[in-house]
Every structure is written in C-alpha cells, then in structure tokens.
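Visitor: Please take me through the inside of this model, one piece at a time, with a close look at the aromatic side chains. I would like the answer in one go.

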Amino acid sequence: VNERLFALLLLCFPPGFRRRFGAEMRLLFRDQLRDARTGRSPVHVVRFWFHLVPSLVAAVLLEWRDVVLERLVSSPPGPPPSNSRERMLHSMTSDLRLAVRMLRKNPVFTLIAVLVIAIGSGAVTTIFSAMNAIVLRPLPGTHGTERLVDIERRSADLSEGTTASYDYFRQLRERTRTLDDIAAWTKVSLTLADRGQGNAVYGNMVSGNYFALLGVRPALGRFFAPDEDRTPLTHAVVVVSYGFWQSALGSDSGAIGRAVTVNGHPYTLIGVAPTGFRGVFSPLKVDAWVPLMMQQQLRTTRDLEDAAWLRTFGRLAPGVTVDQARQELTALTVAYIAERGERAGNREYNTIRLSALTGLPADAREGFLRFMQLLLGAAALVLLIASVNVASMLSARAIARQREMAVRVALGAGRARLVRQLLTETMMLFTLGAFGGMGVATLATAALEQVPIPTDAAVVLELSPDPRVLSFALAISLATGLLFGLSPALQASRKDVTAQLRDGSAGSGTRRRLMSHALIVGQLAMSLVLLVGAGLFLRALQGGEKVDPGFQIAGVSAVAFNTEAFGYDSARGRTFYRALRESVSGIPGVEAVSFVDRLPLALSSSGASIEVDDAVSGAVDREGRVSVQLALVDAGYFNVLQLPIRSGRAITASDNAESPRVAVINETMARRLWPQGGAVGRNFRFGPERVTVIGVAQDAKYDFLAEATPSFVYFASAQNWRQDQWLVVRSAGDAAALASAIERAVRTIDPLLPRPVVMTLTQTTSISLLPQRVAALVTGVLGAVGLLLATVGLYGLIAYSANRRTREIGIRVALGARRSDVLALVVREGMWLAGLGVVIGVVLAGAASQLLRSLLFDTSPFDVPTYAVMSLLFIAVAMLASYLPARRAASANPATALRAD
Amino acid sequence: MPLDPRAFLPLKPVDLQLLLALGEQELHGYGLVQAIAERTDGLVSLDPGNLYRVIKRLLADGLVAESTTRAAPELGEERRRYYRITPLGGRVAGQEVRRLQALVNLPSVRALAARYAP
C-alpha cells in the first residue's frame with residue numbers, strides 16, 4: 001500500500017524529472033520506509049509520511065515551476081517573454097513559500113484541517129476509485145483500446161439482446177467497412193491438467209485476432225497465429241493467464257511448448273498472458289484461452305454453425321464515428337436476417353448497440369453505475385461536511401489573524417494580494433488533504449477488495465487508485481478548496497483597517513455568528529441524511545433476511561459440475577451424474593439429492609416463451625404465447641428445497657428421455673393461465689414439444705428477493721439434458737463434513753477430476769442481498785464519519801461561544817446563578833442548533849431516500865422507526881457535544897471569569 | 001573548460017554536505033542520505049523529494065556526475081545509480097570549506113561564538 005501510494009505521488013512530477021529520477025526515488029523510498037518500520041510501531045510509518053509528503057509536494061511544485069520558467073526563457077521566437085507573466089510566477093512562488101511557512105507554524109491546525117479534508121476527499125475518492133477500476137479505466141493488460149466497441153445484437157427497442165452465431169460473426173467481419181476488425185469470444189469451463197489431477201478454470205474460447213485487437217502482448221511465448229483460426233480441430237493450443245502460470249506451473253519459464261491436457265485432450269501450452277490481463281469482462285478471472293476452432297472438442301453441445309453463443313467486439317476504423325458504425329452494422333444485420341430467413345425465438349434482433357469496451361457488459365454497467373452514483377452521492381455529503389468544517393476552522397482563524405492582515409494592509413499590501421495569499425494557504429491545505437484522501441482511498445479499497453463475494457465463479461476485485469483517480473481527487477479537493485476558502489479569505493482581508501487596529505478585539509458581528517451557526521446546522525443536517533440512509537439500508541437488510549423465499553435455505557449444499565469440461569461426451573456425463581447421485585445419497589445424514597441447472601436466488605434467471613391454447617384470454621398474447629422463467633430439475637428437487645407441491649405430483653425418476661414431456665408450474669402461473677382451476681393435466685407447447693403439466697408447486701422467490709413473482713416452469717432435466725448442472729443436497733449433518741464426503745465421492749468416480757467447490761445455499765443466496773449489504777456498510781461508515789465531523793464542529797462552536805461568554809457567566813454566577821442554570825444556558829444553545837439540524841435533516845433525508853426506493857424492498861423510504869431512532873441518536877450525540885463545554889464553563893471560578901477580558 | 005569555482009559560492013549547506021560526502025566515496029541515493037545524516041547528527045535529513053532536486057541541480061552545474069562503476073550486482077543493486085564528485089565539484093567544495101574556515105577564524109566571529117556558548 002505504501003509503495004502504491006508513493007508511485008502515485010511520483011506521477012505528479014514533471015515527466016522529464018520522473019523519467020530521470022523516478023526509479024531511484026522509489027528505491028530510496030523503499031529503503032527509508034524499511035528504516036522507519038524496523039521493530040517499531042506503525043506510528044513511525046505515519047510520522048515518516050508526515051515528513052515526506054510536504055517535502056514531496058513542495059518538490060513537485062518547484063519542479064513544475066522550473067519547467068514553466070524554462071519554457072518561458074527558451075521561447076525566443078514570438079514576442080519576448082512578458083514581464084508580467086514572469087513576475088506573476090515569481091510572486092506565486094513567494095506565495096507558496098509563505099503558505100508553507102504559515103502551515104508549518106501552526107502544525108496542529110494544519111494537521112487537523114488536512115485530516116478532516118483527507119477523510120472527506122478519501123470517501124469520495126474511494127467510491128470513485130471503485131467505479132474507475134470496474135467500468136471506467138481500460139481493461140488491465142490491454143493497449144490502445146480507446147476505439148474498441150462492444151457489439152451487441154438487440155431487439156428494435158433494445159430491451160432484449162442475443163449473442164452472435166459464428167456464421168453471423170463471420171459475415172459481419174467480412175462485410176463491415178466501418179470497423180477495422182471484429183473479434184469473437186465466449187466463456188467455457190475448462191479442466192486444465194499439467195499432470196495428474198486437473199484444475200477447474202474459467203476459460204475463454206476466442207477468435208484468432210482477439211489478443212491483437214485488445215493490444216495484449218504475451219508475457220511469455222506467443223498468442224494464436226492466423227492459421228490457428230481457420231480450420232476446425234487442427235490446432236490444439238492453449239494460452240494461460242499469468243496468475244495460473246505462477247500458481248499452477250510454478251512460474252516455470254520452460255512451460256512454453258509443454259504438453260498439457262485440456263478437458264482430457266492433449267494440448268500444447270504456447271503462451272502466457274501478461275500480468276493483470278483477465279479477458280474482456282475483467283471482474284471474472286479468466287485463466288485460459290483456447291482457439292474458437294477447437295469448439296467441437298471443448299464445447300460439444302455447441303456448434304460453429306449453431307445459434308447464437310458468441311460475444312463480439314471490434315475496432316472503429318480511423319475517422320469513423322460510433323454512430324456511423326452502428327448504422328452500418330444494423331444494416332448488415334437486417335440484410336443477414338433477410339438472407340437467412342433467420343428468426344431467433346419470437347423476436348427479431350435487428351438492431352446493434354455499441355458501447356465502450358470496459359470491465360462490465362453494458363446492462364450490468366448501467367445498473368452498477370446507478371448504484372455507485374448513490375454511494376458517490378453519500379460520499380459527497382461527507383466531503384461537503386468536511387469542507388464546511390474546514391471552512392469554519394478557516395473562518396475562526398481569519399478572526400484571529402485580523403490584526404495581522406490589518407497591519408499588512410497598513411503597510412501597503414493590496415487586498416487582492418492578501419486574498420491570493422490566503423487562498424494559496426487554503427489550496428495548499430486542500431492539496432495536502434487530497435493526498436491524504438488518496439491514502440485513505442488506497443487503504444479503503446484494499447479493505448473493500450477483501451469483502452467476500454459469494455459466487456462459484458472466481459471473481460477478482462481490483463479497485464486500487466490509478467492516475468485518473470489521483471487527478472480526480474486533486475480536482476475535487478481544489479474545487480472544494482476554492483469554494484470554501486474564498487469566503488474566509490475575503491472575510492479576513494476586509495478593509496476597515498483603522499477600526500481593526502484600534503479596538504484590536506476579535507470581531508463579533510452578528511452576521512458572522514449567524515454564518516457559523518448556519519454552517520454547523522448544515523453539517524448536522526447532512527450527517528443526519530447519511531445516518532437515515534444507513535438506517536434504511538439496515539432495515540432493508542433486516543427485512544430482506546425475513547422475506548420468506550418459499551423454500552428452506554438452511555441445510556442445503558450445492559456444487560457446480562460441468563461434465564463437458566471433464567472431456568466427457570453426453571453418455572459418459574449421464575453415467576457420471578447417476579453415479580454421483582448414488583454415492584452422495586449414501587453419505588450419512590443426507591436426506592435428499594437432486595440436480596438443477598441454476599440455483600435459486602443467485603441473480604441468474606432464464607426466460608423463454610411457451611404457447612398455450614386454452615388459457616384464459618388476456619393471459620397470453622395474440623399468438624397464444626406467454627413468457628415464463630424456467631429451471632431444469634431432476635427427481636427429488638422439491639424435497640431438497642422443501643418446496644411443497646400444492647396439487648398433482650413432483651418430477652420423478654420415471655420422467656426420463658423416453659417418457660412423455662412433463663412440467664411442474666408454480667401457483668402464480670396456474671392462477672394466471674387457468675384461473676378456473678384444474679391446471680394439472682393441461683398441455684402447452686415449448687418449442688416443438690408438447691408438454692403436460694403434472695403438478696403445481698407453491699410460489700417461491702426465484703431470481704432475487706424483491707422480484708414480483710413470475711410465471712415459473714420446472715422442466716425435467718432428464719428430458720432436457722445439459723452437461724452443466726448443480727448438485728443440490730439436503731443434509732441433517734455438518735456442512736463441512738458433507739463437503740469432504742462429496743469430494744471423496746467425486747474422486748472415487750474419477751480421480752483425475754478437479755476438486756469440487758462445495759458451497760452452502762446460505763452462501764450462494766447471500767449474493768441476492770449483496771447490494772444492500774454493501775450499501776449499508778458504506779453508508780454506515782460514511783454516516784458515522786459525517787456525524788463525528790459534525791459533532792466535533794458543534795463542540796468547537798459551543799466551546800468557543802461559551803468561552804466568549806466567560807465574563808457573562810462569571811457575572812451570572814456571582815449574582816447567584818446555580819451551576820445547573822449555567823449548564824442549561826450553554827447546552828440550550830447547542831440543542832437549538834441540533835434541533836434545527838434535525839428538522840432540516842429529516843426533510844432532506846425524506847427527499848434523498850426517494851432515490852433509494854428500488855433498493856429497499858418493502859421498507860418505506862419514510863420508515864418512521866428509522867427516522868426516530870436516528871434523530872434520537874443524533875440528539876444524544878449533540879447533547880454530549882454541548883454538555884462538555886458547558887460543564888467547563890459552569891465550573892469556572894467566578895472570580896477568574898470576571899477578570900477575563 | 002576551467003570554470004571559476006568561486007562563481008558557485010557560497011554553497012547551500014545541503015549542497016556542501018552532499019559534495020563532502022561524495023568526496024569520500026561514491027554513493028547511491030540511500031547511502032548519501034545516511035552519510036549526510038551521520039555527518040550532521042541528523043540535522044540535515046533528506047528524503048526522495050528534496051534529495052533528487054539537489055542532485056539534479058548539482059548534475060546540471062557539473063559538480064557531481066553519475067558514476068560508471070556499478071557496485072555489487074550480486075547484491076541485487078544493479079538498478080541503483082552511484083554518484084561521484086567531479087574535479088570541478090571538488091574544487092568548489094574546497095573553496096567553500098576554505099571560505100568557511102576563514103569565516104570561523106575571524107576574531108569577531110570567535111568572540112561572538114564564545115559569548116553565546118551554551
């Protein structure tokens with residue numbers, strides 16, 4: 001973390017200086033850090049940074065000044081270097097020097113102000129860094145990807161999309177003039193074995209130009225050659241990721257050319273991808289790449305001439321706009337549909353959507369960005385609170401420095417000069433704060449990367465800040481610095497010199513007091529908004545955990561298998577699953593075993609449409625179609641989930657490939673299609689097949705908890721065979737013991753298979769609450785920080801005001817006021833402000849919570865308990881913040897108090 | 001080109017310390033920082049920010065140069081750059097030291113130092 005941060009700081013230096021000394025500076029930093037660390041507490045590291053950062057910042061500024069000066073001096077052609085420019089530059093330098101001196105002179109003030117800014121800017125920078133890492137910055141390991149576009153085939157209204165068939169991809173690639181080239185890829189489950197037991201890896205099957213188009217250079221060996229992309233099944237070659245090369249191949253540089261097996265077939269390892277490169281949608285960890293032409297061997301259930309299964313992206317030709325490309329590709333697609341007479345499902349996918357190729361597919365990116373914008377908004381509130389806090393600190397200091405300013409004015413300094421000087425100080429503070437914020441963000445993102453994501457796919461979160469984040473942090477800090485530093489600067493440099501010099505006492509204008517009170521109330525209100533937001537998310541989480549999914553989550557374990565990745569053909573796959581069922585059923589404590597193609601509540605759904613002849617009118621469209629969601633389940637599935645069958649029967653082992661096609665539907669579907677009852681025994685058409693309804697299952701949650709219950713169909717997996725299935729097991733015993741028993745069972749069947757990853761349904765379903773969990777965590781932390789800052793602000797204000805009333809309080813006590821009267825006097829002022837903050841905060845929170853509605857399940861955005869509890873908590877903290885200074889004021893000796901100025 | 005060493009006087013204290021340290025032996029950045037800290041009892045403490053600005057200036061003035069010898073590659077130090085003092089740098093440092101000696105030996109300066117001795 002320390003070195004990451006230093007590397008970012010280095011980026012601020014002028015390029016020439018950085019190139020010459022960057023590496024050396026890094027080495028020196030490493031050595032000195034090591035010295036600061038040896039055998040001592042982390043405090044020393046902090047102190048080390050505290051000394052280093054100001055010196056670095058000064059060096060950065062001075063180096064840039066040198067660069068600018070050199071430019072000015074060394075540009076003889078054109079007009080001579082203007083004197084005023086040079087003079088300005090020099091006075092800027094002296095401003096800077098003075099600012100550094102002032103900040104050094106008041107280390108406590110500087111430290112606190114920088115810390116407060118760092119917290120605020122760190123909050124915003126952390127969220128931005130996560131956004132940047134996942135969807136904004138170019139894919140790691142790639143070069144020159146600015147003109148790459150993700151190509152998606154969508155329906156005319158863009159609401160639905162499909163992937164590309166190989167044939168479609170080939171034709172698009174041949175005919176396009178607006179794109180330089182198009183590449184295709186798809187995911188594939190692979191079992192990669194060096195020797196002995198295999199490793200289950202997530203792989204990509206890619207067209208030959210994939211790496212070249214992404215501008216990826218191999219770390220070792222080479223990528224696919226053009227002839228490896230032409231003829232099917234001729235080139236059994238594989239490229240692995242850098243991580244896989246390190247962990248599974250022991251970083252062996254002789255690994256290139258080695259014979260390995262992929263899904264049981266002999267392959268040659270030809271290359272290692274560069275570190276960091278993880279394929280196109282980067283949160284998923286891709287560990288191996290194989291040529292598309294090997295599909296018949298590795299994905300036997302697909303076909304090169306098959307329907308859609310590929311994702312495509314391309315590079316815009318020079319001078320072509322995205323819109324031109326979109327129009328051309330749409331025209332090519334329309335022509336393709338006409339030529340082939342193609343009709344995919346019920347809809348024509350005749351429109352093209354192009355989007356920037358970043359870490360997430362377009363749809364997911366939009367959802368993610370919306371979510372992150374909410375969090376960014378929350379973080380911005382913290383920055384605002386922090387800035388207001390610093391503004392009040394600056395204001396207070398402006399009062400203290402009025403005499404200094406007055407003297408300077410009297411000595412002939414212009415007001416503009418003074419304002420510029422004060423602003424330079426403020427900007428310096430905020431720049432330091434921005435670097436502190438980078439530190440906060442570096443730490444916070446490192447912590448966020450550790451948040452476990454419950455999914456069977458290997459997800460990599462790499463959220464660390466980069467130069468873009470650094471410039472963002474600087475820009476936002478300088479903007480807030482300007483915004484919040486200007487008014488104190490103007491205030492401090494007001495011109496009533498003689499008055500200032502004459503009376504010498506600190507200003508006490510009512511306008512100023514009003515201003516500082518308004519600032520405090522604003523901070524309090526904003527922190528209440530954050531607290532209410534955090535409270536609402538907590539309530540939603542609570543509510544979400546109480547939502548009845550309709551089945552029993554506890555006690556179920558699940559394992560994903562893909563026999564295709566084991567190199568099995570369909571028959572051998574069936575044998576495997578049969579043997580697995582048998583041996584797992586024999587494990588002690590196991591109550592029920594089944595298979596399903598997708599787990600419930602894992603944010604994955606599969607939709608289709610069926611045709612129904614005898615449905616009630618209005619339930620189906622004009623052609624008799626209705627869309628449903630579906631799952632393929634094996635015998636025993638309803639027992640594993642303990643999902644009751646309301647009428648008819650469940651799917652059993654006798655519903656096999658030879659018997660008539662059957663399905664179980666849910667109550668909602670039965671009610672929608674046949675409200676008069678008697679759903680069992682009715683028929684519908686699914687594709688070419690006629691399917692009979694044999695049972696009605698109780699409604700449940702399928703995709704996510706907040707969903708509106710869809711029409712749902714369970715088909716028999718024996719009648720719709722798939723090689724990839726989840727084994728689901730209900731067991732009364734210990735989940736860990738079951739996991740190792742399942743591992744043993746798999747090893748007994750085939751010792752070369754990769755180790756299965758056994759998860760509980762409790763783990764896999766927790767992903768459906770992940771957004772709420774993250775939001776509650778982030779807003780909770782931000783709310784606490786916001787409240788802390790606002791409280792400290794309130795405390796400071798009350799303490800200051802009590803201090804100024806020392807004399808008044810002394811008189812009151814001398815005249816017989818009791819201690820409790822004095823306490824009440826001071827606390828009352830604080831409570832007034834807090835009360836006002838609560839009222840404004842509640843109104844603002846009510847407005848802001850509307851934005852959260854979609855994430856809150858059944859919790860109302862106006863959830864009264866949340867507002868009440870948070871307001872009370874808030875009042876209690878405010879009470880404490882005003883009580884402490886009040887106690888001090890009340891315990892002052894009246895004799896001393898009366899002597900106060 | 002024989003430059004007049006006196007054109008560089010007076011030297012900044014940091015520059016002098018750096019030249020004196022390099023006058024004894026060739027050093028890399030970290031070695032320099034340590035040598036100077038030792039020599040000044042920690043009074044002059046350098047960090048990556050200020051050290052390389054000084055080195056840049058001294059390189060530009062021709063008072064120090066990058067050393068061509070690379071020490072101890074087997075220690076994994078091949079990436080470190082070593083610096084050495086140039087003949088001009090040596091003359092400048094010498095002049096500066098003589099100037100300081102002369103200053104220190106002035107009777108009035110001695111009297112002043114004695115008067116405010118701790």
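Guide: The model is a predicted one, and every value here is computed from it. Chain A has 901 residues, of which 51% count as buried. Its secondary structure consists of 26 helices and 22 strands. Along the principal axes, the C-alpha trace of chain A spans about 105 × 75 × 60 Å.

Now the aromatic side chains. Over all chains, the structure holds 32 aromatic pairs. One of them joins Phe566(A) and Phe576(A): the ring centres are 5.7 Å apart and the planes stand at 80 degrees, so this pair is edge-to-face. The cut-off behind that word is an angle of over 60 degrees between the planes. Phe566(A) sits in the loop between strand S12 (556-562) and helix H17 (570-585) of chain A, while Phe576(A) belongs to helix H17 itself, and the two are 10 residues apart. Phe566(A) has a relative accessibility of 13%, so it is buried. Phe576(A) has 2%, and therefore counts as buried as well.

A second pair, Tyr702(A) with Phe712(A), is stacked: the centres are 4.0 Å from each other, with 5 degrees between the planes. Tyr702(A) is found in the loop between strand S19 (689-697) and strand S20 (712-716) of chain A, and Phe712(A) in strand S20, so the pair ties together parts that are 10 residues apart in sequence. Tyr702(A) and Phe712(A) are both buried. These two examples give the numbers that matter for any such pair, because a pair of aromatic rings is described by the distance of the centres and the angle of the planes.

In chain A, ring pairs connect Tyr210(A), Phe211(A), Phe223(A), Phe224(A), Phe277(A), Trp289(A) and Phe313(A) into a cluster.

With a relative accessibility of 3%, Val826(A) counts as buried. Leaving out residues up to four places away in sequence, Val826(A) touches Ile798(A), Ala802(A), Ile809(A), Ser882(A), Ala886(A) and Ala889(A). Val826(A) and Val108(A) are separated by 718 residues in sequence, and their C-alpha atoms lie 27 Å apart in space.

Chain B is built from five helices and three strands. Along the sequence, the elements of chain B come in the pattern α-β-α-α-β-β-α-α. Of its 118 residues, 38% count as buried. For chain B, 57% of the contacts between residues at least 6 apart in sequence join residues at least 24 apart.

The strands of chain B form an open sheet of three, in the order S1-S3-S2, with antiparallel pairing. Its edges are strand S1 (27-28) and strand S2 (64-66), each of which pairs on one side only. S2(B) is joined to strand S3 (residues 82-85) of chain B through three bridges, in the antiparallel sense. Within this pairing, Val64(B) has Ile85(B) of S3(B) as its bridge partner. Helix H1 (residues 13-24) of chain B packs on the sheet and touches S1, S2 and S3, and its direction makes about 95 degrees with that of S3(B).

Chain B also has a contact between two helices. The axes of helix H4 (residues 87-105) and helix H5 (residues 107-115) of chain B come within 5 Å and cross at roughly 65 degrees. That angle is why H4(B) is described as roughly perpendicular to H5(B). Leu103(B), Val104(B) and Asn105(B) make the contact from H4(B), and Pro107(B), Val109(B) and Arg110(B) from H5(B).

Conventions. Residues are numbered from 1 along each chain as its sequence is written. Chains are lettered from A and ligands numbered from 1 in the order in which they are written. This is a predicted model: local features need pLDDT of at least 70, side-chain atom pairs count only at pLDDT 80 or more; totals for chains, interfaces and linings use all residues. Side-chain values use heavy atoms; hydrogens and water are left out. Two strands pair if DSSP finds at least two bridges between them. Helices (H or I, at least four residues) and strands (E, at least two) are DSSP runs, numbered from the N terminus. Contact means heavy atoms within 4.5 Å. Axes are lines fitted to C-alpha atoms, for helices over the stretch in contact, and angles run from 0 to 180 degrees between N-to-C directions. Rings of Phe, Tyr and Trp (its six-membered ring) pair if their centres lie within 6.5 Å; planes under 30 degrees apart count as stacked, over 60 as edge-to-face and the rest as tilted. Buried means under 20% relative accessible area, exposed over 50%, partly exposed in between (1.4 Å probe, protein chains only). Angles under 35 degrees count as roughly parallel, over 145 as roughly antiparallel, 65 to 115 as roughly perpendicular and the rest as oblique.
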